[in-house]
Amino acid sequence: MSSLKYLRGLFLLPAAALLAGCDWVTMSPSGDIALQQRDLIIVSTLLMLVIIIPVIVLTLVFAYRYRASNEEADYRPDWDHSSQLELLIWAAPLLIIIALGAVTWISTHTLDPYRELKRLDKKRGIAPSVAPLVVEVVALDWKWLFIYPEQGIALVNEVAAPVDRPIQFKITASGVMNSFFIPALAGQIYAMPGMQTQLHAVINKPGEFEGFSANFSGHGFSHMKFKFHGLAADGFDAWVQKAKDGGGTLDRAGYLELEKPSEAVPVKRYATVAPDLYGAILNRCVEAGKMCIKDMMAIDNSGGLGKPSAYNVTSVPASPDGKPARTFVAAMCSINDPTDPLVSNASPRTN
């Protein structure tokens with residue numbers, strides 16, 4: 001018997017070793033949104049255990065009480081129904097489902113990542129005069145690009161925010177779909193090319209936290225990690241100044257080079273960023289002369305380029321009988337690079 005217990009202990013050692021490496025950041029987060037999500041997990045689990053635990057206990061009790069060797073147990077081979085038992089079996093799960101549904105419905109709206117924050121934590125609200133820190137996020141192969149439009153800087157594989165200041169992440173991707181995830185801050189949000197998702201969050205404690213992609217995206221996926229820094233206000237200002245002092249320039253040509261697949265990329269800092277670079281990335285038109293998605297949508301909204309809508313791309317002047325001139329699309333391409341020499345010669349666009 002002692003040897004059996006000894007072997008059992010040896011079998012448990014690998015599991016204990018694996019658990020020792022867990023930091024439980026999901027259950028002990030540093031941001032209010034992640035904290036509310038943690039509470040939702042706990043509440044949902046407890047509600048489900050209200051059913052699961054009694055079912056497990058009663059299963060064991062029934063199996064023991066009505067075992068074949070127990071001759072004192074009632075033997076009723078013709079028994080088939082009990083109204084009280086049916087009521088208990090159906091009413092309890094129904095009440096749990098109603099409670100879970102209510103909690104889920106409320107939390108789905110309260111924790112909507114697109115919804116602007118209404119509080120910093122349980123005890124503190126947000127003053128109307130406080131503007132969120134905007135961070136534009138681009139998932140690349142296989143790295144993360146963070147653009148700060150207000151500060152005019154950009155970084156690769158590093159992001160920071162002041163403690164107790166709302167953050168608005170605007171998220172897109174250059175190629176395959178990824179998932180932006182900082183467990184200490186909030187839940188994961190997908191990053192998709194040609195689309196923008198959002199995440200509103202706040203960090204309440206200073207520290208260095210891990211961020212990564214939670215969606216497999218190819219060979220270099222395991223290296224898509226970055227550091228998120230929660231800093232005091234003066235610490236964040238110093239962090240921004242560090243990027244401005246030691247960084248280079250991220251223009252459109254530099255971005256096209258950065259966009260190429262690469263693995264285990266170290267932190268890079270850019271002191272200046274080309275105007276509307278994120279908008280060009282989002283609309284898939286960083287290259288000069290390439291039509292933006294928004295321009296394609298504008299043409300489609302005007303009738304498209306099919307045969308039935310050919311007059312949308314030709315001038316239709318006013319007719320003698322008083323009919324007004326028709327609007328039309330003046331160009332079938334977009335020139336988005338402000339350095340392109342054709343910009344100075346381009347005629348104004350008419351819609």
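A: Apart from neighbours within four places in sequence, Gln37 has contacts with Leu111, Ala186 and Gly187; a contact means heavy atoms within 4.5 Å. Gln37 itself belongs to helix α2, which covers residues 32-65. Helices (H or I, at least four residues) and strands (E, at least two) are DSSP runs, numbered from the N terminus. Gln37 counts as partly exposed because its relative accessibility is 25%. On this scale buried is under 20% relative accessible area, exposed is over 50%, and partly exposed lies in between, using a 1.4 Å probe and protein chains only.

Residues are numbered from 1 along each chain as its sequence is written, and the model is predicted, so local features need pLDDT of at least 70, side-chain atom pairs count only at pLDDT 80 or more, and totals for chains, interfaces and linings use all residues. Side-chain values use heavy atoms, with hydrogens and water left out.

pLDDT is the predictor's confidence in each residue, from 0 to 100. Its average over the protein is 85, and 81% of the residues score at least 70. Residues 339-351 stay under 50, and the model gives them 14 contacts beyond four places in sequence. The protein has 7 helices and 12 strands, and 34% of its 351 residues count as buried. Among contacts with a separation of 6 or more, 64% are between residues 24 or more positions apart.

Helix α4 has 14 residues, 233-246, and at 1.5 Å a residue it should span 20 Å; its end C-alpha atoms are 20 Å apart, which agrees. The expected span is 1.5 Å times one less than the number of residues. The buried residues in α4 are Phe236, Trp239, Val240 and Ala243. They lie on the same side of α4 because they cover an arc of only 95° around the axis, the arc being that of the directions from the helix axis to the C-beta atoms. The face turned away from this buried side carries Asp234, Asp237, Lys242, Asp245 and Gly246, which are exposed.

What do the buried residues of α4 pack against? They pack against β1 (133-140), β2 (143-148), β3 (153-156), β4 (158-162), β10 (225-231) and β12 (268-273).

Strand β3 holds Ala154, which counts as buried at 0% relative accessibility. From Ala154 to Val240 is 86 residues in sequence and 9.6 Å in space, C-alpha to C-alpha. Beyond four places in sequence, the contacts of Ala154 are Leu145, Phe146, Ile147, Leu250, Lys268, Arg269, Tyr270 and Val273.

The next topic is rings. Rings of Phe, Tyr and Trp (its six-membered ring) pair if their centres lie within 6.5 Å; planes under 30 degrees apart count as stacked, over 60 as edge-to-face and the rest as tilted. This rule gives 13 aromatic pairs. Trp144 and Phe226 make an edge-to-face pair, at 5.8 Å centre to centre with 65° between the planes. Trp144 is in strand β2 and Phe226 in strand β10, so this pair ties together parts 82 residues apart in sequence. Both Trp144 and Phe226 are buried. Phe169 and Phe180 make a tilted pair, 5.2 Å centre to centre with 55° between the planes. Phe169 is in strand β5 (residues 167-173) and Phe180 in strand β6 (residues 178-181), 11 residues apart. Phe169 is buried at a relative accessible area of 0%, and Phe180 counts as buried at 1%. Ring pairs join Trp144, Phe146, Phe169, Phe180 and Phe226 into a cluster.

Some backbone angles deserve a check too. Most residues other than glycine have a negative phi, and most peptide bonds are trans. The peptide bond from Asp141 to Trp142 is cis, with omega near -10°, and Trp142 sits in the loop between β1 and β2. Asp164, in the loop between β4 and β5, has a positive phi, near 65°. Asp164 is partly exposed, with a relative accessible area of 25%. Ala264 also has a positive phi, of about 50°, and is found in the loop between α5 (252-258) and β12.
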